[in-house]
Amino acid sequence: MLVADQLIKDFGSFRAVQGVSFTLERGEVLGFLGPNGAGKTTTMRMLAGGLEADGGSASIAGYDCTAQRLEAQSRLGYLPEGAPAYPAMTPRSFVMFGLRARGFSGESLKRATGLALERANLGAMADHPIGTLSKGYKRRAALAAAIAHDPAVLILDEPTDGLDPNQKDGVRQLIRDMAPEKAIIISTHILEEVPAVCSRAIVIDQGRILFDGTPNALAASGPDRTVDGAFRSLTQAAADARGAA
Ligand SMILES: Nc1ncnc2c1ncn2[C@@H]1O[C@H](COP(=O)(O)OP(=O)(O)OP(=O)(O)O)[C@@H](O)[C@H]1O
């Protein structure tokens, strides 16, 4: 469903992503983990077609993310970092705007909009300008737009960032509900989300994959058999190796 093959991204002379490869099948929820600046967002932006790779390739449902960007993007829902860039729109009009751009109209437009707003739990805030909403509701507006066209692949950059504990739980449940039919990547710094939501975890640091396996295997690789402990020991070992070099 999604293939990343030796992806590379350079910013000037700095190589932010250094040959990242993985494949993701329908039914998998991948937790994409790593310290600040590890290259998670940069990798996800290349997969979403918003940033051109300097090496390697990526495809979604068999369509190359650069050469066949429109075909790839029609099968993708992408939740970028931060808030939607249209403060004057309401979540409802923002979701409809995205759906119309994807060719939805009439009854199917109405149905898909209503379902997305409901699944993202916008409630009465669906009809308030995005610029006036709290951070959590802005995230939910962006999430509604990402899932509205029922894409086969979802790439969600920190989907629970800024949400209160109840809403975090709601988004985790939504991801679990959608999982059987989709291939999903979520980046997160909330490591408790990994065993709760993900069937697989990748840890990256300095643009390289340090671990790729199940959450259980990740936890088992650490000194105290927790995901937190494993994350700390993997990233610390990588930093020590750099220091020694
Ligand atoms: N447009 C850019 N120009 C220059 N450097 C960039 C740019 N975008 C990202 N970087 C650098 O690339 C590296 C990877 O950044 P990226 O945002 O992918 O990390 P991340 O793993 O998503 O981090 P975080 O967890 O803090 O969101 C960082 O060193 C960052 O400063």
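**View 1. The two domains of the predicted model, whose centres, taken over C-alpha atoms, are separated by 25 Å.** The protein chain is divided into domain 1 (2-75 + 153-244) and domain 2 (84-150), with bounds that come from an automatic or database domain assignment. Helices (H or I, at least four residues) and strands (E, at least two) are DSSP runs, numbered from the N terminus.

Residues are numbered from 1 along each chain as its sequence is written. Because this is a predicted model, local features need pLDDT of at least 70 and side-chain atom pairs count only at pLDDT 80 or more, whereas totals for chains, interfaces and linings use all residues.

**View 2. The crossing of helix H3 (residues 91-101) and helix H4 (residues 106-119), whose axes come within 10 Å and cross at roughly 130 degrees.** Axes are lines fitted to C-alpha atoms, for helices over the stretch in contact, and angles run from 0 to 180 degrees between N-to-C directions. H3 and H4 are therefore oblique to each other, given that angles under 35 degrees count as roughly parallel, over 145 as roughly antiparallel, 65 to 115 as roughly perpendicular and the rest as oblique. The contact is made by Pro 91, Arg 92, Val 95, Met 96, Leu 99 and Arg 100 of H3, together with Leu 109, Ala 112, Thr 113, Ala 116 and Leu 117 of H4. Eight of these residues are nonpolar, one is polar and two are charged.

**View 3. The packing of H3 and helix H5 (residues 135-147), at an angle of about 25 degrees with axes 9 Å apart.** This angle makes H3 roughly parallel to H5. Pro 91, Phe 94, Val 95 and Gly 98 of H3 meet Ala 141, Ala 144 and Ala 145 of H5, a contact with six nonpolar residues, one polar and no charged.

Conventions: Two residues are in contact if their C-beta atoms, placed from the backbone, lie within 7 Å. Ala, Val, Leu, Ile, Met, Phe, Trp, Tyr, Cys and Pro count as nonpolar, Asp, Glu, Lys and Arg as charged, and the others, Gly among them, as polar.
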